[in-house]
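Please read it alongside the sequence and the model.

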Amino acid sequence: MANTALTYKERRDLARLRRVRDRMDREYVKPLNVEELARSVHMSAGHLSRQFKAAYGVSPYSYLMTRRIERAMALLRRGDVSVTDACFEVGCSSLGTFSTRFTELVGMPPSAYKEQHDGAMRGVPACLAKQATRPLRQRPPRLDAVDEQPVRNREARPPRYPLGSNP
C-alpha cells in the first residue's frame, strides 16, 4: 500500500495556499497581484502559481477573477447597479477585460446577464442565489469532443486536434 500521508512541507504549503485563497476571497476588491500574494506567504511567485494551480485547478489570477465575476453577478442581479459600476465595485480596473472574462465564465455579456436576471432572485436568500447562479467556466469545444459539460472553476483547456489526427 502506498503511503499517502502528507509531509510537513506539503502540509505547510497547503496552509499557505489556503491563506492566499482566503485573502483573495476577503480582499477581492483590492488590486492584488501574484508577487504580493506570494511575498505575504514567503513563497516565490512562480512556486505559488504552480502550487495553487496544482491544489485548486486554476491559477491565482483565474481564481480571483472568478470570485470577482461571482460578486459582479450578484450586483447585477440586484438591478440597481450598472455594468460599469459593478466592474469597478468588484475591483476590476478595465471594463473591457471585465466584460471579456464575464462572457467567458457566464456565457453571456454582463449587460445581457443584467437584463435577463434583473430581480430574478428577489426574495431568495443570498446563499442559495449564489449557489444557483455560480458561473461555470466555459471550455471551447474540441473538434473530437462528444457532449462534454463545462467544468466548474477549471482553467485547463483541452487541446484542439485537427479532424482525423490522434494526440
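## A partly exposed tyrosine

A residue is called buried when its relative accessible area is under 20%, exposed when that area is over 50%, and partly exposed in between. In this predicted model, tyrosine 61 has a relative accessibility of 42%, and therefore counts as partly exposed.

Tyrosine 61 belongs to helix α4, and, when residues up to four places away in sequence are not counted, tyrosine 61 touches Thr97 and Arg101. Leucine 32 lies 29 residues from tyrosine 61 in sequence, while the C-alpha atoms of the two are 8.9 Å apart in space.

## The largest nonpolar core

The largest nonpolar core has 33 residues, of which Met24, Leu48, Phe98, Phe102 and Val106 touch the most other members. At least two residues of this core are supplied by each of α1 (8–26), α2, α3, α4 (60–78), α5 (83–89) and α6 (95–106), and the largest share, eight residues, comes from α4.

Phenylalanine 102, one of the core members that touch the most others, has contacts with Ile69, Met73, Leu76, Gly107, Met108, Pro109, Pro110 and Tyr113, with residues up to four places away in sequence not counted.

How do the axes of α1 and α3 cross? They come within 10 Å and cross at roughly 90°, an angle that makes α1 roughly perpendicular to α3. On the α1 side the contact involves Lys9, Asp13, Leu14, Leu17, Arg18, Val20, Arg21 and Met24, which meet His47, Leu48, Gln51, Phe52, Ala55 and Tyr56 of α3. By class, the residues of this contact divide into eight nonpolar, two polar and four charged.

The axes of α1 and α4 likewise come within 10 Å, but their crossing angle is roughly 30°, and because angles under 35 degrees count as roughly parallel, these two helices are described as roughly parallel to each other. The crossing of α1 and α4 is right-handed. In α1, Arg21, Met24 and Asp25 meet Pro60, Tyr63, Leu64, Arg67 and Arg71 in α4, and the contact has four nonpolar, no polar and four charged residues.

## Helix α4 against α7

Helix α7, which spans residues 110–117, packs with α4 at an angle of about 45°, and the axes of the two helices are 8 Å apart. That angle makes α4 oblique to α7, and the crossing of α4 and α7 is right-handed.

From α4 the contact takes in Met73, Leu76 and Arg77, and from α7 it takes in Pro110, Tyr113, Lys114 and His117. These residues divide into four nonpolar, one polar and two charged.

## A histidine with positive phi

Which backbone angle is positive at histidine 42, although that residue is not a glycine? The angle is phi, with a value of about 60°. Histidine 42 is placed in the loop between α2 (34–40) and α3 (45–56). With a relative accessible area of 67%, histidine 42 is exposed, because the class of exposed residues begins over 50%.

Terms used: Residues numbered from 1 in each chain as written. Predicted model: local features only at pLDDT ≥ 70, side-chain atom pairs only at ≥ 80, totals over all residues. Heavy atoms only, no water. Helix = DSSP H or I, 4+ residues; strand = E, 2+ residues; numbered from the N terminus. Buried < 20%, exposed > 50% of the residue type's maximum accessible area, 1.4 Å probe, protein only. Core = buried A, V, L, I, M, F, W, Y, C linked by side-chain atoms within 4.5 Å. Contact = heavy atoms within 4.5 Å. Axes fitted to C-alpha atoms, helices over the stretch in contact; angles between N-to-C directions. Parallel < 35°, antiparallel > 145°, perpendicular 65-115°, else oblique. Left-handed = near helix turned anticlockwise from the far one by under 90°. Nonpolar A, V, L, I, M, F, W, Y, C, P; charged D, E, K, R; others polar.
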